[in-house]
Amino acid sequence: MRKSLIANVVTGALVSVLVSACTTENNASSVNSANDKPNKASEIWPALNIEVKADPAVESKVSDILSTMTLEQKIAQMIQPEIRNITVEDMRQYGFGSYLNGGGAFPNNDKHATPDDWVALAEKLYQASVDDSLDGSTIPTMWGTDAVHGHNNVIGATLFPHNIGLGAANNPELVEEIAHITAKEVMATGIDWVFAPTVAVVRDDRWGRTYESYSEDPAIVREYAASVVKGLQGAAEKDFLSDQRVISTVKHFVGDGGTVGGDDQGDNIASEQDLFDIHAQGYVGGLTAGAQSVMASFNSWNGEKLHGHKYLLTDVLKDQMGFDGFVVGDWNGHGQVAGCNNEDCAQAINAGLDIFMVPSDWKVLYDNTIAQVKDGTIAMSRIDDAVRRILRVKVRAGLFDKPSPANRPLSADRSLIGKAEHREVAGQAVRESLVLLKNKDKTLPLSATKRIMVAGDGADNIGKQSGGWSVTWQGTNNTNDDFPGGSSIYDGIKAHVENGGGDVELSVDGSFETKPDVAIVVFGEEPYAEGHGDRETLIYQHGSKKDLALLEKLKSQGIPVVSVFISGRPMWVNAELNASDAFVAAWLPGSEGAAVADVLFGKHDFKGKLSFSWPSEPQQIVNKGDETYEPLLPYGFGLTFDAENVLSDSLNTEIKVSTDNNEAMEVLNGAVQSPWVLWLYSGDESLTVSASTHTVGALTYRTVDKVVQEDARKVTFDGSEFAAMRFASKSFFREDLSAQLLTQGALSFNVSRHSDITQPVTVGMNCEGEGDAPGSCSTQLDISEQLKAMPVDTWTNVSIDLQCFVDEGIDFTGLVVPFELGSAGKASLSVADIQFKPGAAESASISCQD
């Protein structure tokens, strides 16, 4: 069935997209090393016909300004701090060329800052930048922000579907309109510059930024990049960087979507030809349309970090492709370059970086960079080139001539934030992005005259449907009240049913008193963003199939089930598909969830087509054009109401475990293993372990010897309050350890008891989130009986079946704490050799196998 499906579903207009694979005029042989480049850049990379041409008047003005600048003023133009780490007085003293607000940063540190608050901060920092009383400079600063699906940092803004949904809509004109609306809402808050579009071409959907990609097809990404740049900046020779437009950024240069294993900030090992053909096509589109800035990527290419990659940043991007704007770094990305740290990185400037994005370490970096120019480590010509590029963009954007932020035309119109007309366009984008994967017996469209139950934790949850980069960086810890003017998916269903004369009931757990005619179940991934979103597999809810249980419960009661699946990527949901009569991939629709109901009830037919291939196996990584291409549903698939259903209720649900890597995953093996960091806490006190001995509250900690020097950790609890030794991920990022469940793994550790055990001693795990926040989970399993049975001062192995943690609610796709040893009583213990051991579940000391 699969082969005939592939042959028949991709027809009509989609064929032209599928066959328009990115090509180059010169198919020179590729190279496999970033440092071994027998080919010149011109043999692979094109000289672009950039629509924004050099202007002698602009160049003359830039030269005049540059000729008057001191070294200190020049370096200040190259420093971009974050609003939480600078004051107005800092801006007056140093005259930074730009600044940003990171995800989750707000004026006055107030999540609910109003548009007026945003404008007020922009005005203060602008006025300080043009005040020459301290730094002698009147060059205006500019504010950059991550407005990646609307002005997503601002309460009340219109949030559009994330890029993966827009890719499914396959509508470049709509995407350009969305970008223009975003520009207007951004300008209404006094901001000049947007860090968008992301033009990654994702090859491994386990990457936590997959939803920031339009497609696995470089052709769509190339076309969309041009549309977004024109929507944000305006078209060259028309309203380019007018009063309704902002500076755009194509990002992240280059190859971020192609890292090994989908590892965020990892290594792309593609050949140079593939780097261009697959990963650089968004730059062909976006730069040709006139994008004025490029953001360097966190990733490496064949082992060399992009922030320090002279060949790609200078030889390719600037010299060969002809980009004459500036290259800005990503959040402390320069600090990852070999030989660098956040405060010191001449290598990045010499490679072609023009602006350091340095949120908090800006003062030392500023001083060090000045010193490196003075001692010749960085040539003055390189500084002048960087500053010339920054000034060129500022002159083109009219920043020297425009009124201050508070007095610009759109800043006076705060009604632009979440304007009704903007939300209508977002609703259109939602409708066109929905992809119908299954429609058994023509379950859809629904009749609004029926008795309809709406279930699932995503039904009335605007934060969940919006995903990451929605008010907060990770999109977590939000409620519906944080999206004023927005609507949940349930809101739209309720309106349709009430207007149609039917009955509607919201029941998250699927319980009811009167049996419904149909159930709409809205479920899916919890919000995440970069770092937190990486996964080991594409299995949805492996080990804790609570949403599947809900679907099967309803199906067993004879109720037709319509599944609305919220996700930032295609996922292996064969079991959920089997339990559904209809299944809709809704992606991350944003703030206008009500528009989903317009399609479910037939006001509009389904238009969305998969811009990513849908996996047929739990560990399958599949892309259009693969030599062996056997997805469950192919690129371009998407049913309409009249189309014949192709998915049965008996899809394979067997999880086959790869035996390629059955090694234990270590948490403590003499040293604490990456990505884990050791913490101690007692009550409200906590600290990161930085020495061989520590005391915090009720807990005393020290390193001890088991086999070799200091390979174990001893903790003594005095019983005055609960205290614990905790291994947590760096920056408390979520780590996907679901692969440990696939191998029937157990948590294994060696322990030595030094005292009597009179009260519970627990081994715990934690997920991201606090309390009842979405995605939060934690549990502690009492091992005191096992400890009591051990000889004193003798090392004994304890192993706990991971299913025991799953049964207590732990979600292994988002672990923050894989091991915590705690007690509120008096006890003294040493632990060593903490690891996740494959195949050890059945023989574990504590087992929960059925």
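This is a predicted model: local features need pLDDT of at least 70, side-chain atom pairs count only at pLDDT 80 or more; totals for chains, interfaces and linings use all residues.
Which residues does N268 touch, not counting residues up to four places away in sequence?

**Entry 1: N268**

I found N268 in strand β6, which covers residues 267–268. Leaving out residues up to four places away in sequence, N268 touches G255, G258, T259, L275, H279, N299, S300, W301 and N302. Next I checked accessibility: N268 has 1% relative accessibility, so it counts as buried, the cut-off being under 20%.

Then I followed the side chain. It reaches the backbone oxygen of G255 at 2.9 Å. A polar atom of the N268 side chain also lies 2.8 Å from the backbone nitrogen of A270. One more look, this time along the chain: N268 and G303 are 35 residues apart in sequence, yet their C-alpha atoms are 7.8 Å apart in space.

**Entry 2: N163**

Another asparagine came next. N163 sits in helix α7, residues 163–169. Is N163 buried or exposed? Its relative accessibility is 7%, and therefore N163 counts as buried.

I listed what N163 touches beyond four places in sequence: V148, T198, Y211, E212, S213 and Y214. One of these, E212, has its backbone oxygen 2.8 Å from the side chain of N163.

**Entry 3: S248**

I moved on to a serine in a loop. S248 lies between α9 and β5, the latter being residues 249–253. S248 counts as buried because its relative accessibility is 0%.

Which side chain makes a polar contact of 3.0 Å with that of S248? The partner is Q233. Q233 is also among the residues that S248 touches once those up to four places away are set aside; the others are W193, V194, A196, V229, L232, A291, Q292 and S293. I also noted G231, which is 17 residues from S248 in sequence and 9.3 Å from it in space, C-alpha to C-alpha.

**Entry 4: S738**

S738 has its place in the loop between β25 (723–729) and α22 (739–742). With a relative accessible area of 0%, S738 is buried. Neighbours within four places aside, I found S738 in contact with E536, T537, H542, F812 and T813.

**Entry 5: the nonpolar cores**

I turned to the nonpolar residues. In soluble globular proteins, nonpolar side chains tend to be buried together. Here the largest nonpolar core holds 136 residues, and the members that touch the most others are W45, Y283, L287 and L312.

Beyond its neighbours within four places in sequence, Y283 is in contact with L48, V199, V250, K251, H252, F253, V254, T288, V294 and M321. Another core lies apart from the largest one; this other core has 73 residues, including V202, A448, V518 and V584.

**Entry 6: two helices, α8 and α16**

Two packed helices are described by the angle between their axes and the distance between the axes. I looked up both values for helix α8 (residues 172–187) and helix α16 (residues 420–433): the angle is about 145 degrees, and the axes are 10 Å apart. Their crossing is left-handed.

Which residues make the contact? From α8 they are L174, E177, I178, I181, K184 and E185, and from α16 they are H422, V425, Q428, A429 and E432. I sorted these contact residues by kind and got 5 nonpolar, 2 polar and 4 charged.

**Entry 7: backbone details**

I looked for cis peptide bonds. One joins A196 and P197, with omega about 10 degrees, and P197 is in the loop between β4 (193–194) and α9 (218–233). Another joins L444 and P445, with omega about 5 degrees. P445 is also a loop residue, placed between β12 (435–439) and β13 (451–455).

Last, I checked phi. N332 has a phi near 55 degrees, a positive value in a residue other than glycine. I found N332 in the loop between β10 (326–328) and α13 (346–351), and N332 is buried, its relative accessible area being 11%. N477 has a positive phi as well, near 60 degrees. The loop that holds N477 runs between α17 (462–466) and α18 (489–500).

How values were computed. Residues are numbered from 1 along each chain as its sequence is written. Side-chain values use heavy atoms; hydrogens and water are left out. Helices (H or I, at least four residues) and strands (E, at least two) are DSSP runs, numbered from the N terminus. Buried means under 20% relative accessible area, exposed over 50%, partly exposed in between (1.4 Å probe, protein chains only). A polar contact is a pair of N or O atoms within 3.5 Å; within protein, one must be able to donate a hydrogen and the other to accept it, and residues adjacent in sequence count only if both atoms are side-chain atoms. Contact means heavy atoms within 4.5 Å. A nonpolar core is a set of buried Ala, Val, Leu, Ile, Met, Phe, Trp, Tyr and Cys residues joined through side-chain atoms within 4.5 Å. Axes are lines fitted to C-alpha atoms, for helices over the stretch in contact, and angles run from 0 to 180 degrees between N-to-C directions. A crossing is left-handed if the near helix is turned anticlockwise from the far one by less than a right angle, and right-handed if clockwise. Ala, Val, Leu, Ile, Met, Phe, Trp, Tyr, Cys and Pro count as nonpolar, Asp, Glu, Lys and Arg as charged, and the others, Gly among them, as polar.
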